[in-house]
Amino acid sequence: MSDYEEQRKKEKQLTKDLALADVKDWIGKMPKEKANSPAIVVGNKTFTPEELRKEVENDTEYGKEFAKILAKSRIELAKRKKPMTASIQVSTAKLVMDKLSYANLIKWRFGISKKLLIIRPNVPGDNYTSMFSYQAAEQVKSKALAEGWTVTDLQANNTNRANVEQTINSVNPDFIIHYDHGSQYALYGQNNNAITAVLDAANVALFDGKAASTVVV
């Protein structure tokens, strides 16, 4: 095994170990009955905290994906410049878990409203949107509605640039979930059954004060 391969192996093991520690810490701080209640969406599946722990322990594809999400979230949190006030200081692990739980997202946002915007194109001939992401977004929508969120659901050709911009400005959502492709500097939508950039450097200010999540960038 080369030095590079050895380093990559160590990095993957560290990512797994940190994710597993975070999940166990999260479970340890919640009521026992909640540990077996659906709480987290990874890809197109919903997991209870205990199921998620097993996924990470067993190195499944979902477990690896979740570990990557946590690793990216740690980097995001580390980049924050504004310190939290004493009343909202929590561990990094718990903050990451709260962000991933729709039931607790509002606590992370420190707000009082619960408004979710889903952007989910369904482009004819595009297997990713037509066979996966469009359907996966429906599961997220159902979970959010069940937990008291007001959901605005932009689908297919309604995810064109003008409509996305107008909806964000008028609805002012707390959380935006984008289910589609993207590039390094843009998130895609759909116009006249064609893929088109709807959120990019030209209108990035629309994200100000909002939490956002995307499946593929």
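This is a predicted model: local features need pLDDT of at least 70, side-chain atom pairs count only at pLDDT 80 or more; totals for chains, interfaces and linings use all residues.
Residues are numbered from 1 along each chain as its sequence is written, and side-chain values use heavy atoms, with hydrogens and water left out.

**Overall make-up**

- The chain has seven helices and nine strands. Helices (H or I, at least four residues) and strands (E, at least two) are DSSP runs, numbered from the N terminus.
- Of the 217 residues in the chain, 40% are buried. Buried means under 20% relative accessible area, exposed over 50%, and partly exposed in between (1.4 Å probe, protein chains only).
- Among contacts with a separation of 6 or more, 65% join residues 24 or more positions apart. Contact means heavy atoms within 4.5 Å.

- Four strands form an open sheet with parallel pairing, in the order 4-3-5-9. Two strands pair if DSSP finds at least two bridges between them.
- Strand 4 (150–155) and strand 9 (211–214) are the edge strands, and each pairs on one side only.
- From one strand to the next, the twist averages 15°. Axes are lines fitted to C-alpha atoms, for helices over the stretch in contact, and angles run from 0 to 180 degrees between N-to-C directions.
- Six bridges link strand 3 (residues 115–120) to strand 4 in the parallel sense. Arg120 has Gln155 in strand 4 as its bridge partner.

**Helices across the parallel sheet**

- Helix 6 (residues 127–146) lies across strand 3, strand 4 and strand 5 (175–178). Its angle to strand 3 is about 170°.
- Helix 7 (residues 161–171) also lies across strand 3, strand 4 and strand 5. Helix 7 runs at about 170° to strand 4.

**Helix 6 in detail**

- The 20 residues of helix 6 should span 28 Å at 1.5 Å a residue, and the end C-alpha atoms are 29 Å apart, which agrees. The expected span is 1.5 Å times one less than the number of residues.
- A kink of about 35° is centred on Ser133. The bend at a residue is the angle between axes fitted to the seven residues ending there and the seven starting there.
- Ser133 is itself one of the buried residues of helix 6. Others on that list include Tyr128, Tyr134, Val140, Lys141 and Lys143.

**Helix 1**

- Helix 1 (residues 3–28) has 26 residues and should span 38 Å at 1.5 Å a residue; its end C-alpha atoms are 37 Å apart, which agrees.
- The buried residues of helix 1 are Lys16, Ala19, Leu20, Asp22, Val23, Trp26 and Ile27.
- An α-helix has 3.6 residues a turn, so residues three or four places apart point the same way.
- Val23 sits in helix 1 and counts as buried at 0% relative accessibility.
- Val23 and Pro49 are 26 residues apart along the chain, and their C-alpha atoms are separated by 7.3 Å.

- Three strands form an open sheet in the order 6-7-8, with antiparallel pairing. Strand 6 (182–183) and strand 8 are the edge strands, each pairing on one side only.
- Strand 6 pairs with strand 7 (residues 186–191) in the antiparallel sense over two bridges. The bridge partner of Ser183 is Ala186 in strand 7.

**Asparagines in loops**

- Asn203 lies in the loop between strand 8 (194–200) and strand 9. Asn203 is buried, with a relative accessible area of 6%.
- Not counting residues up to four places away in sequence, Asn203 touches Arg161, Glu165 and Val198.
- Asn172 is in the loop between helix 7 and strand 5. Asn172 has a positive phi near 55° and counts as partly exposed at 42% relative accessibility.
- Asn192 is in the loop between strand 7 and strand 8. Its phi is positive, near 50°, and Asn192 counts as exposed at 65% relative accessibility.
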